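Colleague: Before I use this model, I would like to go through the terms in your notes.
Modeller: Go ahead, with the structure in view.

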Amino acid sequence: MKNFMMLFHSEPNPEFNPTPEQIEEEVKAWQDWMGGIGAQGKLKNPGEALGFEGKTMHADGSITDGPYAEVKEIVGGFIIVSADSIEEAIQLSNGCPALSSGGKVEVRDIMVFDGM
Amino acid sequence: MDDKQLSEIFKSEYSNLIAVLCNYYGLTDLQLAEDIVSDTFLRAMKAWSHKGIPEFPKAWLRKVAQNLLNEHYRRKKIYEEKITPELGARNQQINVIEITDKIIEDSQLQMIFVLCDPELNRESQLCIALRILCGFSIEEIARALLSNKETINKKIYRAKKAIKERNRIETSLTSSQYVSRLDNVLRVIYLMFNEGYYSSVNEENIRHEICWEAMRLSLFLSEQKIFPKQKIYALIALMCFHASRLDARTSGEKGDLLYHEQDKSKWNKDLIQKGRKYLNLSAAGNVVTKYHLEAAIAYWHTEEETKGKWNNILQLYNKLLTIEYSPIIAMNRTYALAHANSIDEAIQEAHKLELRDNHHYFCLLAELYHMNNNIDKEIEYLNKAIEFANKENEKELINDKLEKASR
């Protein structure tokens, strides 16, 4: 089994003001989906959800607001899963709530350094 | 002489006496302590069979144990003085002191922490805790753990040896060591309780006693000032909720009754009340352990069926799976999913679990298909479950279900 990081990309919509029920629904959808990965024994780390505040440091020392570089898309959170292959890992993203709201899920292998 | 009363006294005093002998007198030899305690009980049986049980039997036992230990040291001293006179002079002085309740309590505490040694494996830890902390006989332990006397004896022997070697280095624990070992102690108590609660043996009395002993130990820990309390309270709450269903659970003729098969009027309301009290106490502060989550799940199971109930249970299982994975948690979560979301979703998720050689898993699939009125699939999975069930009473239970489904 290897570990993979799953990154959730989405385009935030500043117009969208969810009701408490909608927030509750969204939270449940995420927890149910992650619970499903956990039930397979493949949730290595539940990761974190990221907020909208951000700053970026550039090579020339300048600091800009926001996590947005050139794209409007931001990383909304991550988890770490374990799977035999990257093909299996990407299949785990089936049913991810990020997908149902038009976002994307990116899976990356985590490098292992021997002796470090 | 009342045999039942006698065995109760012996059982409850067993661990007290050993703890005092070991800790108060600095005895690192568990075997010697056990021998002295056995000798004490033997003398008590002889003396009491003529005169009846004395007014203060526990004090009587403590006095005799103390005398036997002193006698042992005297003999040892004489031996050492004769063989090695130069060492004899330096021999440690044994003061004869009354064994008080306070001394017993301190000794018990130290004993729990020495015995719940993180280096021991699960089974050895269970055996030694049941034997020394709870005073169960080797035979009772063998029956409770579905094993035989020889195996249990071997496990206990090896565990004692390991503990003795380690205690040469750790003669006494500091308060920070107590706190850092607490997690392991709680784990052993949790294992003990589960062993009593889920065991498939029909020895109802032993099973109940193991559960009560686990609760007694954790209540004892919760009274000690040095520990952070939330975790301990959560564990107590969890055990109270489970124990409240113990009578209802073990009242089936063929094996234990599952939650939905139990007669709810047999649930112990007093224990449910206590469970709630401790669950509330455990919520002070912001520590969330698996005991908190499991206690909260057990709490919801005591509640009436409401719309939110199963979703709460599902979310607690989801959370639990982020802390720890086990096939049982995964299966329970899937069952909760069927009630909270939909049976179809649960079936889909159940197939992803792939617990290929676990008969509980195939029973779960059969149950989900049963809920979905898919009798063919139910029978198919019950047949698979029978293949992997290895205990007779489990096979019988599955056969009963097969019969019902085929009608």
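Colleague: Why does His242(B) count as buried?
Modeller: A residue is called buried if 20 or more other C-beta atoms, placed from the backbone, lie within 10 Å of its own. His242(B) has 23 C-beta neighbours inside 10 Å, so His242(B) counts as buried. This is a predicted model, in which local features need pLDDT of at least 70 and side-chain atom pairs pLDDT 80 or more, while totals for chains, interfaces and linings use all residues. Residues are numbered from 1 along each chain as its sequence is written, and chains are lettered from A in the order in which they are written.

Colleague: Which residues does His242(B) touch, not counting those up to four places away in sequence?
Modeller: Tyr197(B) and Ala298(B). Contact means that the C-beta atoms, placed from the backbone, lie within 7 Å. His242(B) itself sits in helix H11 (residues 230-244) of chain B; helices are DSSP runs of H or I with at least four residues, strands are runs of E with at least two, and both are numbered from the N terminus.

Colleague: What makes S1 and S5 of chain A a pair?
Modeller: Two strands pair if DSSP finds at least two bridges between them. Nine bridges join S1 (residues 2-10) to S5 (residues 74-83), and the two run antiparallel. Within chain A, His9(A) stands opposite Val75(A) in S5(A).

Colleague: How many bridges link S2 of chain A with S5(A)?
Modeller: Four, again in the antiparallel sense, with S2 covering residues 43-49. Glu48(A) stands opposite Phe78(A) in S5(A).

How values were computed
Buried ≥ 20, exposed ≤ 12 C-beta atoms within 10 Å, placed from the backbone. Contact = placed C-beta atoms within 7 Å.
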